[in-house]
Amino acid sequence: MYQKSKKIKIGRNDPCPCGSGLKYKKCCMNKDGNSAETLQEKYFRDYNIRLKNPKDIEKIRNAGALVVDTLNMVADKLHPGMKTDEINTLVHEYTIANNAVPAPLHYHGFPKSVCVSVNEVICHGIPDELVLQEGDIVNVDITSILEGYYADASRTFFVGTPGPEAVKIVNVALESIKRGIKTVCPGNTIGDIGWAIQSYAEAQGCSVVREFVGHGVGFDFHEPPQVPHYGRKGKGVKLVPGMVFTIEPMVNLGKKDLRILSDGWTVVTRDKSLSAQFEQTILVTDDGYESLTPWVH
């Protein structure tokens with residue numbers, strides 16, 4: 001169930017949220033009775049998208065800072081011989097110590113506090129007794145709830161010294177998310193994000209997973225809109241200030257096909273090729289974007 005829509009106040013001389021580049025008073029303020037309130041209402045009514053106000057954004061930003069700190073802490077401790085369950089313990093204890101809640105724990109029955117996906121695992125890897133080996137790649141996907149607000153981010157790390165295939169897929173996934181994020185601004189569309197990612201990754205001989213996508217976040221773990229990492233320019237929902245969502249492309253070294261293991265969670269490449277992912281929580285601002293989980297790679 002969605003909470004009651006909150007209002008965004010847009011001044012007459014502010015940039016119009018439609019992305020035209022004109023002032024609000026010169027553009028949509030008087031069209032079809034539109035007002036500052038109806039942008040909020042329209043996106044909730046038409047798409048179930050809940051735009052965030054400055055107070056909400058600050059809370060999500062605080063949660064995002066904790067997520068980034070947690071990722072950095074894990075990065076400092078990763079080493080060959082480490083069990084993936086040790087990563088879960090680190091994330092769980094650090095999150096609780098910072099007065100937050102690990103969102104994955106018990107989410108639809110997920111048994112751990114973090115997703116840890118190694119090598120051919122695309123996403124939703126369950127931490128266990130698996131021991132990380134020299135040359136592995138490992139994605140650590142963290143979502144924290146702080147003061148009731150959610151932020152979500154992930155990074156793919158090298159374990160020890162990587163081989164050439166590991167270097168390639170991690171670099172392609174990293175550049176893919178960078179290109180997707182750079183398309184974010186008012187007036188562009190969700191399809192622009194997917195097109196930027198897909199066109200780059202496929203030009204490198206890699207593939208983009210279709211079944212798992214980015215999503216709105218902030219008030220809940222997963223909210224509208226869905227953000228595919230493939231698509232066509234100009235298609236999909238138009239971006240407006242106050243939208244908060246994740247961009248999290250999952251890029252495979254081989255084909256895009258996948259399968260889900262018998263645990264009901266772990267997703268692997270069907271051809272057993274390596275897969276890498278990066279994720280950030282992104283805010284659409286008046287003139288572009290802000291990462292609310294600005295990890296540095």
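Modeller: Let us begin with Asn119, which, leaving aside its neighbours within four places in sequence, is in contact with Asp136, Ile137, Leu274 and Ser275. Contact here means heavy atoms within 4.5 Å. The model is predicted: local features need pLDDT of at least 70 and side-chain atom pairs count only at pLDDT 80 or more, while totals for chains, interfaces and linings use all residues. Residues are numbered from 1 along each chain as its sequence is written, and side-chain values use heavy atoms, with hydrogens and water left out.

Colleague: Why is Asn119 called buried?

Modeller: Buried means under 20% relative accessible area, exposed over 50%, and partly exposed in between, with a 1.4 Å probe and protein chains only. Asn119 has a relative accessible area of 17%, and is therefore buried. The residue lies in the loop between β2 (115-118) and β3 (121-123); strands are DSSP runs of E of at least two residues, and helices are runs of H or I of at least four, numbered from the N terminus.

Colleague: What joins the side chains of Asn119 and Asp136?

Modeller: A polar contact of 2.9 Å joins them. The term requires a pair of N or O atoms within 3.5 Å; within protein, one must be able to donate a hydrogen and the other to accept it, and residues adjacent in sequence count only if both atoms are side-chain atoms.

Colleague: Why does His106 count as exposed, and why His124 as partly exposed?

Modeller: His106 has 62% relative accessibility, so it counts as exposed. His124 has 24%, so it counts as partly exposed. His106 is in the loop between β1 (101-102) and β2, and His124 in the loop between β3 and β4.

Colleague: What is the phi of each of these residues?

Modeller: His106 has a positive phi of about 70°, and phi of His124 is near 60°, also positive. Neither is a glycine. Most residues other than glycine have a negative phi, and most peptide bonds are trans.

Colleague: Which peptide bond is cis?

Modeller: The bond joining Pro224 and Pro225 is cis, with omega about 5°. Pro225 is found in strand β8.

Colleague: How do you know that the span of helix α4 is close to the expected one?

Modeller: The expected span is 1.5 Å times one less than the number of residues. Helix α4 (residues 164-182) has 19 residues, and its 27 Å from first C-alpha to last is close to the 27 Å expected. Its buried residues include Ile169, Ala173 and Ile177.
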